[in-house]
Amino acid sequence: MATTLQEVTDAQLSRYADLIYRHTGIRISPKKKTLLSNRLRRRLRETGISDFDAYYKTLAKLNLDDPEWDAFLQEITTHETFLFRDESQWEWFRDQFLPGITSAARRGDRDRSLRIWSAASSTGDEAYTIACVIANTIVNYRQWKIDILGTDIGIEALEKAKQAHFSERAMRLVPADLKRRWFKQVPGEPLWEPSPALRTMVRFKQHNLMEPLREGVFDLVFVKNVLIYFDGESKQRVVKNIQSVMKPGAMLVTGAAEGISDILKRNMEQQRPWLYRLPE
Ligand SMILES: C[S@@+](CC[C@H](N)C(=O)[O-])C[C@H]1O[C@@H](n2cnc3c(N)ncnc32)[C@H](O)[C@@H]1O
């Protein structure tokens, strides 16, 4: 199959880039020609589709929730994540955010419920970090109604998130005492799974950040290491979607290189380089 050995042409690249952008908000740079060609070749081999144009036509006809779109997105996005990524953010969560919430509940200023959204959760490492810190910090966490929602566009990543078997590598930053208390080894495997107490707090569903999330409102949202691939217009759309599901006074934690601080500063108070608060 001679065609599959070639690179995509500029015209093909631009058609693919448009298609990807329309579906996901992700901008494929013209510099990614070789990368896209390599990844496409893998999909051609897997599907038996003869060339780049035929594969394009197939994708363009399919819905984003079709397994082939998922397989394609797997190829062009990164799912790299691990528990307790960005240590200082978890210190803030444990030492500032959670004590603020629990003392407000003690004063009777709020009920004992807490809703947190891990947006672009990939394989669930961030969502389980949230659950672990909550269980370890709020002594009577069982008397709270805790809802941690992890969402991602990638179906395969979500399936791994639901299974929640984490490698030693993914667990490398989990403090030893927390690892002992809240995770156990999967029998016969070099993998760790969260305790049932953590599992009951966390759920996952597929969601594209370019679309509104219809899951009620949240006290805290994490959006990290995803918008870096989006252009300005898509970033604005995602920020609008996120802010529309934040309670007044809710907090937003971002990644270090998200590139949305200018957009966020328009109507939120920046408290740290990566932390924002929506006004009451
Ligand atoms: C590098 S991971 C980030 C995981 C986690 N937030 C972290 O910081 O460790 C990026 C994730 O963004 C997801 N993603 C990319 N575009 C998306 C979109 N339009 N909507 C939702 N998720 C998306 C990918 O599927 C991938 O799992």
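## Polar contacts between the domains

A polar contact is a pair of N or O atoms within 3.5 Å; within protein, one of the two must be able to donate a hydrogen and the other to accept it. In this predicted model, eight residue pairs, both members at pLDDT 80 or more, are in polar contact between domain 1 and domain 2. On the side of domain 1 that touches domain 2, helix H2 (10-24) and helix H5 (67-76) each supply at least two residues. The residues on that side of domain 1 comprise four nonpolar, four polar and three charged.

One salt bridge is counted between domain 1 and domain 2. A salt bridge joins the side chains of Arg27 and Asp231, with an N to O distance of 3.2 Å.

## Domain arrangement and buried area

The chain is divided into two parts, with domain 1 covering 2-76 and domain 2 covering 87-277. Eleven residues from domain 1 and 13 residues from domain 2 take part in the contact. The C-alpha centres of domain 1 and domain 2 are 31 Å apart.

Between domain 1 and domain 2, about 960 Å² of area is buried, and carbon and sulfur atoms give 50% of this area. Which residues of domain 1 lose the most area to domain 2? They are Tyr21, Asp70 and Gln74, which together account for 36% of what the domain 1 side buries.

## Ligand surroundings

There are 19 residues around the ligand, and those that come nearest are His79, Thr81, Arg85, Asp152 and Asn225. For His79, an N or O atom of the side chain is 2.8 Å from an oxygen atom of the ligand.

Terms used
Residues numbered from 1 in each chain as written. Predicted model: local features only at pLDDT ≥ 70, side-chain atom pairs only at ≥ 80, totals over all residues. Heavy atoms only, no water. Domains from an automatic or database assignment. Contact = heavy atoms within 4.5 Å. Buried area = accessible area lost by both parts, 1.4 Å probe. Salt bridge = Lys/Arg side-chain N within 4 Å of Asp/Glu carboxyl O. Helix = DSSP H or I, 4+ residues; strand = E, 2+ residues; numbered from the N terminus. Nonpolar A, V, L, I, M, F, W, Y, C, P; charged D, E, K, R; others polar. Near = heavy atom within 4 Å.
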